[in-house]
Amino acid sequence: IPPDVRVIRTRFINVKRHLAIRGSYPSFLAIPDRWIGWWPWAVVAGRRIIKEESVDLVYSTSPHATAHLIALELSRRSRIRWVADFRDPWYEEPPETGTTRLAHFAARQLERLVVGHADRMVASTGRLRDALATRYPWKPRGKFVAIPNGYDEDDFARAVGPTRPSSDELLIVHAGSISADFRDPRPLLEAVRRAGETGLVDPGRIRIRFLGGGPFGESPEMKQAIEEGGLTSRVEFLPRVPYGAALAALSEAGVLLLLQASADTVDLVPAKLFEYLRTRRPVLAMVPEGATGEVLRDVGGGWMVDPADSNRLRDTIVAAYQAWASGNLDSLTADPSALEKFSRE
């Protein structure tokens, strides 16, 4: 956080932590989310700031949706203009598995309230912007704006300079958490095994590195998949590291791995993709058709494969391996001029 940015911290109630009994709590206490217990203190602090200082704009970003309800109260009481920024959809149709009827109904009503009062709605992709505009056709189309995620050139200037991929092994790196539901690397492990059966790939010269993968890396499911793929010595899990060190670790890769396979992420593009592309390494995006694929087609920079398409995933591993073996990985990176439009400047 830049030193000239003032941060005011308040008390809060985390429903899951403070109100649960033996790990359980009534779901209605967490509407719209478990941070609703931040609302009263944040509103008091916000009103005090508005009273004491010259405030031009209230800006809220989600998740978590509680932030929008705080901004709604501040904007409504002070009559200050308000921008509501949606990094992700507030709710899904049909509802996500496990969502109660009450929570889904409340989400729809509260989102409508936010859209009705905010002066501008910002979405992180054009698809999400269009989805919101379509949901509220009685609102002016110009109220809904898309500002995509991107990369910060200064971050890369401070990171360790790029290195050339190793000629000894093809290093595939994934940064961030993995999970069984929507960031599942097991199809990749199976694809590497099957690529080896073609005779065109030597799995012994492929290393797969997960940086900050989290507990799923140690799960029985992952261990079984690694063993069945014959990749016990070729898969490694490293702990989380500071952001600058993570960018430096990405530059050591031959190929960068992006995992995003749930239906609710089709309209979203993770910020990590732009950082991957700016690292000047080709990206293997295991994603269904959607917004991420649109970016890759726009700027180049690798492969988009639906993780459910096992044959295409196997063939992509073969193509990536052969490009590495022939020293042609650099020809598969993103077009710098096309990528520049995603600079945060």
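Select proline 94, found in the loop between β2 (82-86) and α4 (101-117); helices (H or I, at least four residues) and strands (E, at least two) are DSSP runs, numbered from the N terminus. The peptide bond from glutamate 93 to proline 94 is cis, with omega near -5 degrees.

This is a predicted model, in which local features need pLDDT of at least 70 and side-chain atom pairs count only at pLDDT 80 or more, while totals for chains, interfaces and linings use all residues. Residues are numbered from 1 along each chain as its sequence is written, and side-chain values use heavy atoms, with hydrogens and water left out.

Next, select proline 32, in the loop between α1 (15-18) and α2. The bond from isoleucine 31 to proline 32 is cis too, with omega near 10 degrees.

Stay in that loop and pick arginine 22. Its phi is positive, about 55 degrees, although it is not a glycine. Arginine 22 is exposed, with a relative accessible area of 86% (exposed means over 50% relative accessible area, buried under 20%, partly exposed in between; 1.4 Å probe, protein chains only).

Now select α12 (310-325). This helix has 16 residues and reaches 23 Å from its first C-alpha to its last, close to the 22 Å expected at 1.5 Å a residue (the expected span is 1.5 Å times one less than the number of residues). Its buried residues include Leu313, Ile317, Tyr321 and Trp324. The buried residues of α12 pack against β5, α7, β6, β8, β9 and β10. Glycine 327 follows the helix, with a positive phi near 75 degrees.

Of its 33 residues, Ile206, Ile208 and Leu284 touch the most other members. The largest share, seven residues, comes from α12. Centre on isoleucine 208: its contacts (heavy atoms within 4.5 Å) include Ile172, Leu188, Val192 and Arg234, not counting residues up to four places away in sequence. Then select Phe86, Ala123, Leu128 and Leu132, which are among the 29 residues of a second, separate core.

Technical notes
A nonpolar core is a set of buried Ala, Val, Leu, Ile, Met, Phe, Trp, Tyr and Cys residues joined through side-chain atoms within 4.5 Å.
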